[in-house]
Amino acid sequence: MKFFVAALGLAFVISQAQANNVNCGKSTTVPINGLTYKVGPGEKFTVKTRKMTRRCVVSYEAAQGCTGIRLRCPKFYVPNDDGDKCRKGDFMRVKTPQDSLPEVYCQKNKPTTQFPAVSAGQ
């Protein structure tokens, strides 16, 4: 019985550690009800889309003790016929509290390791 409780506790910890990774379906919004996932210092999360994805909204927020969040996309395929302004096809928007308008990414314009999308922390 003790082993079962320990295994159940370990499974809960693992599921919580993976909870902020998102696999987008056709239309995904997470978390719901205007909440945000908290990102602590050193934590990394993944957002994955598929061909069928039409809309995917994920909200992250810097947790206490975190100086900011950096978003980078090592794999990025977002086709758009208007590569400069991203108005004719798919796009990705990144909205930070300090910006009045979201930053728009598509084609080869993506957040990279050298130039990530950055949100200042608390």
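A residue counts as buried when its relative accessible area is under 20%. Cys66, at 9%, is therefore buried. Cys73 comes out the same way, since its relative accessible area is 10% and it is buried. Everything here is read from a predicted model, so the values below are computed from that model.

Start with the cysteines that are bonded. A disulfide is a covalent bond between the sulfur atoms of two cysteines. A search of the whole structure turns up two of them. One joins Cys24 to Cys56, with the sulfurs 1.9 Å apart. Cys24 sits in the loop between strand S1 (22-23) and strand S2 (27-30), while Cys56 belongs to strand S5 (residues 55-58), so this bond ties together parts that are 32 residues apart in sequence. The torsion about the S-S bond of Cys24 and Cys56 is -50°, which makes the link left-handed. As for accessibility, Cys24 is buried at 0%, whereas Cys56 is partly exposed at 26%.

The other disulfide runs from Cys86 to Cys106, with an S to S distance of 2.1 Å. Here too distant parts of the chain are linked: Cys86 is in the loop between strand S7 (68-71) and strand S8 (92-94), and Cys106 is in the loop between strand S9 (103-105) and strand S10 (117-120), 20 residues apart. The link of Cys86 and Cys106 is left-handed, with -85° about the S-S bond. Both ends are tucked away: Cys86 is buried at 6% relative accessibility, and Cys106 is buried at 0%. With the bonded cysteines of the protein chain numbered in sequence order, the pairing reads 1-2, 3-4.

Cys86 and Cys106 turn up again in the nonpolar core. In soluble globular proteins, nonpolar side chains tend to be buried together. The largest nonpolar core of this model has eight residues, namely Cys73, Phe76, Val78, Cys86, Val94, Tyr105, Cys106 and Ala117. Tyr105 is one member of that core. Neighbours within four places in sequence aside, Tyr105 is in contact with Phe76, Val78, Cys86, Phe91, Met92, Val94, Lys110, Pro111 and Ala117.

Now for the aromatic rings. A pair of aromatic rings is described by the distance of the centres and the angle of the planes. The whole structure holds two aromatic pairs. In one of them, the rings of Tyr37 and Tyr60 have centres 5.7 Å apart and planes at 45°, so the pair is tilted. Tyr37 is buried, at 18% relative accessibility, but Tyr60 is partly exposed at 26%. Tyr60 also pairs with Phe45: the ring centres are 6.0 Å apart and the planes meet at 15°, so this pair is stacked. Phe45 is in the loop between S3 and strand S4 (47-48) and Tyr60 is in strand S6, so the parts tied together are 15 residues apart in sequence. Phe45 is partly exposed, with a relative accessibility of 23%. Taken together, Tyr37, Phe45 and Tyr60 make up one aromatic cluster.

Side chains of opposite charge can pair when their charged atoms come close. The structure has one salt bridge, formed by the side chains of Glu61 and Lys38 at 2.6 Å, N to O. Glu61 is in strand S6 (residues 60-62) and Lys38 in strand S3 (residues 37-39), so the bridge ties together parts that are 23 residues apart in sequence. Both partners fall in the partly exposed class, Glu61 at 30% and Lys38 at 45%.

Asn20 is located in the loop between helix H1 (2-17) and S1. Asn20 is buried, with a relative accessible area of 12%. Setting aside neighbours within four places in sequence, Asn20 is in contact with Tyr37, Lys38, Phe45, Thr46 and Tyr60. Those contacts of Asn20 include Tyr37, Phe45 and Tyr60, the residues of the aromatic cluster.

Definitions and conventions
Residues are numbered from 1 along each chain as its sequence is written. This is a predicted model: local features need pLDDT of at least 70, side-chain atom pairs count only at pLDDT 80 or more; totals for chains, interfaces and linings use all residues. Side-chain values use heavy atoms; hydrogens and water are left out. A salt bridge is a side-chain nitrogen of Lys or Arg within 4 Å of a carboxyl oxygen of Asp or Glu. Helices (H or I, at least four residues) and strands (E, at least two) are DSSP runs, numbered from the N terminus. Buried means under 20% relative accessible area, exposed over 50%, partly exposed in between (1.4 Å probe, protein chains only). A disulfide is a pair of cysteine sulfur atoms within 2.5 Å. Contact means heavy atoms within 4.5 Å. A nonpolar core is a set of buried Ala, Val, Leu, Ile, Met, Phe, Trp, Tyr and Cys residues joined through side-chain atoms within 4.5 Å. Rings of Phe, Tyr and Trp (its six-membered ring) pair if their centres lie within 6.5 Å; planes under 30 degrees apart count as stacked, over 60 as edge-to-face and the rest as tilted.
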